[in-house]
Amino acid sequence: MTWLYIVRKEWTLELRKKSILSGLLLYLFSIVFILYLTFSQGVIQPLVWSALLWITVLFTAINTIAKSFIAERRGIFIYFYYAVSARDFIIGKLAYNALLCTLMSTVGYGFFILFLEDPVQDHGIFLLTILLASLGFAFSLTLISSIAAKTNNSHVLMAVLSFPIIISVLLMAIKVTKNCLDGLGWEASNDELLILLAINSLVAALSYLLFPYIWRS
Amino acid sequence: MAVALLTYTTMAGFLADVPRLHIVNETIRALYFHVPMWFGMVALFFASAIYAVKNLRTPSITNDLYSSSLAHAGMLYGTLGMITGMVWAHYTWGTFWHWDPKQTGAAITYLVYLAYFVLRISVDNSEQRARLSAVYNIFAFAAMIPLIFIIPRLMDSMHPGSGGNPGFNVYDLDSRMRLVFYPAVAGWILTGFWFASLRIRTRQVEEHLSEIEYENN
């Protein structure tokens, strides 16, 4: 269970450093606060609400995961290269990023309820969607961030490489959100949730298979 | 190899000429040009992904060259497919572009491969460029291309073949069209591979020339 150690190591490091986690939370908070100031005058249409929520979640996810490879020092990688196998390392990273991403999106949703309104009618389905979408973001962005970290202009490339891959997850999530806003129930969103699950497992499997090739360099 | 490629080209030349004889001003004839473009694009991208896998297994400059050249040819087909589709849409739907799910899917594919080329530009080390772009190629192909076939089917589209519009099967009932359509698909796919091979050969010649120059100096 080497990957569990990596998850634990990331978590303790995160708590010890504090700067990243609190920075991200503040980032999330300020986005929602700006949205609140912008929309405090009138009523937000449910569709606008969903667009705002997903944009916020997407950007937070990109910022959260970008740091997992781009912001780390070189020495750490060399240490890990000798200490653990690539497979364990990527599973650990995927698991940790999934955890962090889910946490961030849930907190983001909480901020949205607090500052804006909560037009969602089926909370169960919606939370499941948030969970699945965050997993999708985390799985696909982790590999992309490891690719981008190797290049010259990693931050620009991170966005460029990830958007096309993310779009499919986002499309499905937005469709389910619309169903949740209308209160259509499980039958309406079954297919989309299954597809989200399928995308997630596909992307996670691909990351697992392809990562060792990136790791070598 | 050159002989095999030449047979390819002559075959493709003859086959691709067939549909041109049948042009009459009916929009169904877009089937001969528009649809083979997409078939060709998917075939080329698939071949590109296969060479990317090969490249990861046994890294070599040739495999990388094949992979990127095939992707280039695929981009050309994507562009042509989009243009032919837009011309057809202009006559049938009234606008060149109106965010039909199929068009959105095509645009996403386009973005994926543009990102692929941006990634290639931004890595200096050629060995690393080959490996990173191969990983992204496989990731993008496996994660995106199936989705382009699945997601539009879930949404309402005005594109032929979905939403109660007549698709392939109706056209194919006319066996005369099938006689032209299948050779057109084969011809365009072969031509696409010929385009890619041209690029590969010019690149190889260029490299060879620069080697000679280097030795002479």
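**Figure 1. Residues 162–173 of chain B in the predicted model.** Across residues 162–173 of chain B, pLDDT stays under 50. Where pLDDT is low, the predicted coordinates should not be read in detail.

**Figure 2. Confidence along chain B.** The average pLDDT of chain B is 72, and 63% of the residues score at least 70. Among the elements of this chain, helix α4 (residues 101–121) of chain B has the highest mean pLDDT, 83, whereas helix α6 (residues 168–172) of chain B has the lowest, 47. Over residues 16–26 of chain B the pLDDT is below 50; in the model, this stretch has 14 contacts beyond near neighbours in sequence. For the model, the scores are ipTM 0.75 and pTM 0.77.

**Figure 3. Helix α2 (residues 19–39) of chain A.** This helix comprises 21 residues. From its first C-alpha to its last, α2(A) reaches 30 Å, close to the 30 Å expected at 1.5 Å a residue.

**Figure 4. The buried residues of α2(A).** Leu21(A), Leu24(A), Leu28(A), Val32(A) and Leu35(A) are buried in this helix. Seen down the axis of α2(A), the buried residues fall within an arc of 75°, so they line one face of the helix. Their packing partners are α1 (2–17), α3 (46–69) and α5 (86–115) of chain A.

**Figure 5. The face of α2(A) turned away from its buried side.** Leu26(A), Ile34(A) and Thr38(A) are exposed residues carried on this face.

Notes. Residues numbered from 1 in each chain as written. Chains lettered and ligands numbered in written order. Predicted model: local features only at pLDDT ≥ 70, side-chain atom pairs only at ≥ 80, totals over all residues. Heavy atoms only, no water. Helix = DSSP H or I, 4+ residues; strand = E, 2+ residues; numbered from the N terminus. Expected span 1.5 Å × (residues − 1). Buried < 20%, exposed > 50% of the residue type's maximum accessible area, 1.4 Å probe, protein only. Arc of directions from axis to C-beta. Contact = heavy atoms within 4.5 Å. pLDDT = per-residue confidence, 0-100.
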